[in-house]
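Student: I keep meeting labels in structure descriptions. Can we go through some and check what stands behind each?

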Amino acid sequence: MASFKSYLVKRIILALIVLYFVVTITFILSHVVPSDPAELYVGPKATKEQRERAVIELGLDKPLYIQYLNYIFGLFKGDLGVSLRAHTPVLHDILAYLPATLEIVIIANIIALFVGILFGTFSALKKDHLEDHLIRFVSVGGVSIPSFWFALLMQLIFFGVLGILPLDGRVSTETQLFNPIKVITGFYTLDALLNLNFPAFIDCLRHLILPAFVLATYPIGLVTRMVRSMMVEVLNENYIRFAKANGFKENLIYYKYALRNALTPALMALGLSFAYSITGAFLVEVIFSWPGLGTYTVNAILENDYPSILGVTIVGTTFYVGVNLLLDIFQAYIDPRVRLK
Amino acid sequence: MSYRLFYKKALSRKVGLVGIAVIIIAIVLATMLFPQQSQPKVKSSVVYAYVSDFPTLDPSIAFEDEQVILANVYETLVFYNSSNPSSPLVPWLATSWSYSPDGLVWTFSLRKGVIFHDGTPFNAEAVKFSIERTKRMGLGAAYIWDPVKEIQVVDDYTVKFILQYPAPLAQIASSQYGAWIFSPKIPSNDTDATEWFNQGKDAGTGAFTIESYEAGFQIVLKKFDKYWKGWNGNHIEKVLIKTVRDPTARLQAIKAGEADFTVDLPVDYLPELKNNPNVKVLAIPSYRNLLGMINTKRSPTDNVLVRQALAYAFPYDAVVKSVMQNYAVQSVGPIPQGMLGYFEDMEHYNYNLTKAKELLAKAGYPNGGFTIILTYTSGDQLEKQVAELYKAELEKLNINLDIREMTTKAKYSMARGDPAQAQHILLFYWWPTYVTPYDFLYSLFHSEEKVIFNFAYYYNSTYDDLIDTASKLEGTDLNKALELYRKAQEQVIRDCTALFIIDMDTIMVINSKVHNFKPNSAYTEVVFFYDIWVEA
């Protein structure tokens, strides 16, 4: 196990280095872009005294390297600075917007996991048949269709033509006004259940379907393709042929011996796509007026609210690096070949 | 079939029939006994589809569009009734006020029996606390309290303001930014309190309190049962204000009846809506105008004759009629129509190319032959159309208008650099923080050490004296102050320091079943939900 430990230490150090560089590069980029944070902080009609005070409060009078050091030290205390526009701690804002994003992203990835495995396995078993071709067509489509276009198309069909699903938002006006959900976790579906408010739960689910499905298209394609190619490979292995020759039941062979081997890479891919969606879902969020982190980021960028931009970048990177690290460790743990390389 | 089974079945059928009959009778009775419940005449809730989100809910900081919410949740000492310009100031949380002859001491008597949403009684301490917090934080519109040196609590219902220089304090106290009164029971640390407000908590005395808030998307207000005006008569109980950025979506919402109020629709949509019996289109003077500041420090616009020629060459009518479809009027001077300090009869420039040619010849440019740089904010369709119409007119004088689309930041940093390198004409909008001519006349044309908004680079000590004196008199001798404000405006019109283009209307589209909606120019795009009621 000694080699596993040293592998673990190596990977964690590497992850920290990546994080450090991302913070530094983003900090420098956001400070060399010409902008006037003090003006944004005090508003367009402020007096000279207000501006001067803001410069001191924001520490803008100090040289850049001091500002940088202050920022880094702040990070260790969990302080991501104060939003220039809302004057609230950035970390607080991010935590407020995060559950909405996590809600659709988690559901999208669960959909992707089940649908992807099902499609992938089925496709591999029916290799070169019509079913296989169809599924391959769908999965290539899933990874290549632009999400915003697909989102609009889904809105057009399910809201515009069929009128069976809501256009956007997290809950309907009626629920919001007359049957409000008491927020506990920020995950509305979960909160509605905890409130024992079932009509609101149904309402939330109806609002979740389209954005979650649109977000799931990419990972569905990804998982399907991964599982299919791994399955095809595994099904040609000697041990499978041996099992068949020994008269094992087909389903047992496929789902217990073959699929298990084919699953790990698909899970890895899904993990990364999950981490990416935390901030990468913004196109879908904007179209569905979904109050998540993506929307928050877009607003921060449009307003040039650099503490917020930095904060989102750091949180997004941490998520991505963290998930990546966990996946690597997990893989190294179950597959000794990885850590020996 | 055995007898017993048959009997059982028949019995259960009988019970079923009786049950159904009972239910039907109950329903019929219920509808007869409570007819008003199934058919209410008054709607209990309204939806306002607003154009942008609200950066903060902290009443001390709010300086963008938050008054749309805050004016229903909080109150100020004095209310500004824009529909009665001759005496617009009426009691709100203060019942009366008086000032010393020198205008340096203002005393407000406060309303009794008012309580904050958290149950704390409203009193002089709360007034002192609120204004001192706003002043101390120094953010948003805090500077309106700059004249205030000290706030003294005389007794529970009397509060005294000591000023360091005379100022119209009653007007300041009616401001839609930075003048809201809130409970002293908010978190004591200023930044903690900001965070507390932004979670959707409130501490006002207004008719409504915040029920839920989803930052960036929507807010629900519900009526405050113990509101001091009481709830007799027809009222709304709940309000949903939601952010709908896309104008087409706002149009759809108001047409489909999903929203009862909306604002800021492009004028192209309005003819269609005017013929729709389900909605009403309201044009409300906005105290907001579009101006083109003219650089007085760069050739050739450093010559007053050239500036006047440029003002005569501007197609005011075309902008009002074809671009704004009459939802605006031509400006007379820096102060917009209907506002304190607006004088309809002041002399001003009208479109007249012959006069423009004469003036150019006098200035030494009989055949034009120069270039004027004009900047406008990228993405602003109105400014863009105005610039293009103007270009066509100037071409007739053989003047080349170099139109540059720039971000706000780029536009301002060009204007705040060396005036000799800055744009000749800068298009932008202005509106007052609280209703006073001084806001326009000071910010736009008063001498400045470092350029903030005086993009004309106009430095005239006579003008500065006029408006500074007027501002000090505004609280105590309004007529004299207005006279001086008029003189000052005539001065800048003569010196032609800006193109005074149009005074704009706020366009609101409302459900035609809404009754008693009183738009108020002093509270931009605000619906006072307490006043209205809606037919079901």
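Tutor: Start with a contact. Val90(A), Asp93(A), Ile94(A), Tyr97(A), Leu98(A) and Thr101(A) of helix 5 of chain A meet Leu293(A), Gly294(A) and Tyr296(A) of helix 14 of chain A. Contact means heavy atoms within 4.5 Å. Sorted by class, this contact has 6 nonpolar, 2 polar and 1 charged residues. Ala, Val, Leu, Ile, Met, Phe, Trp, Tyr, Cys and Pro count as nonpolar, Asp, Glu, Lys and Arg as charged, and the others, Gly among them, as polar.

This is a predicted model: local features need pLDDT of at least 70, side-chain atom pairs count only at pLDDT 80 or more, and totals for chains, interfaces and linings use all residues. Residues are numbered from 1 along each chain as written, chains are lettered from A and ligands numbered from 1 in written order, and side-chain values use heavy atoms, without hydrogens and water.

Student: Why is helix 5 of chain A called oblique to helix 14 of chain A?

Tutor: Their axes come within 7 Å and cross at roughly 135°. Angles run from 0 to 180 degrees between N-to-C directions, along lines fitted to C-alpha atoms, for helices over the stretch in contact. Under 35 degrees is roughly parallel, over 145 roughly antiparallel, 65 to 115 roughly perpendicular, and the rest oblique. So helix 5 of chain A is oblique to helix 14 of chain A.

Student: What makes strand 4 and strand 6 of chain B edge strands?

Tutor: The open sheet has 4 strands in the order 4-5-7-6 (chain B), with antiparallel pairing. Two strands pair if DSSP finds at least two bridges between them. Strand 4 and strand 6 each have a single partner strand, so one side of each lacks a neighbour in the sheet.

Student: How do you know that strand 5 of chain B pairs with strand 7 of chain B?

Tutor: Count the bridges: 5 join them, and the two strands run antiparallel. Val105(B) stands opposite Ile162(B) in strand 7 of chain B.

Student: Why is Leu196(A) called exposed, and why is Tyr457(B) called buried?

Tutor: Buried means under 20% relative accessible area, exposed over 50%, partly exposed in between (1.4 Å probe, protein chains only). Leu196(A) is at 63%, so it counts as exposed. Tyr457(B) is at 0%, so it is buried.

Student: What makes the phi of Leu196(A) worth a look?

Tutor: Most residues other than glycine have a negative phi. Leu196(A) is not a glycine, yet its phi is positive, about 60°. Tyr457(B), also not a glycine, has a positive phi of about 55°.
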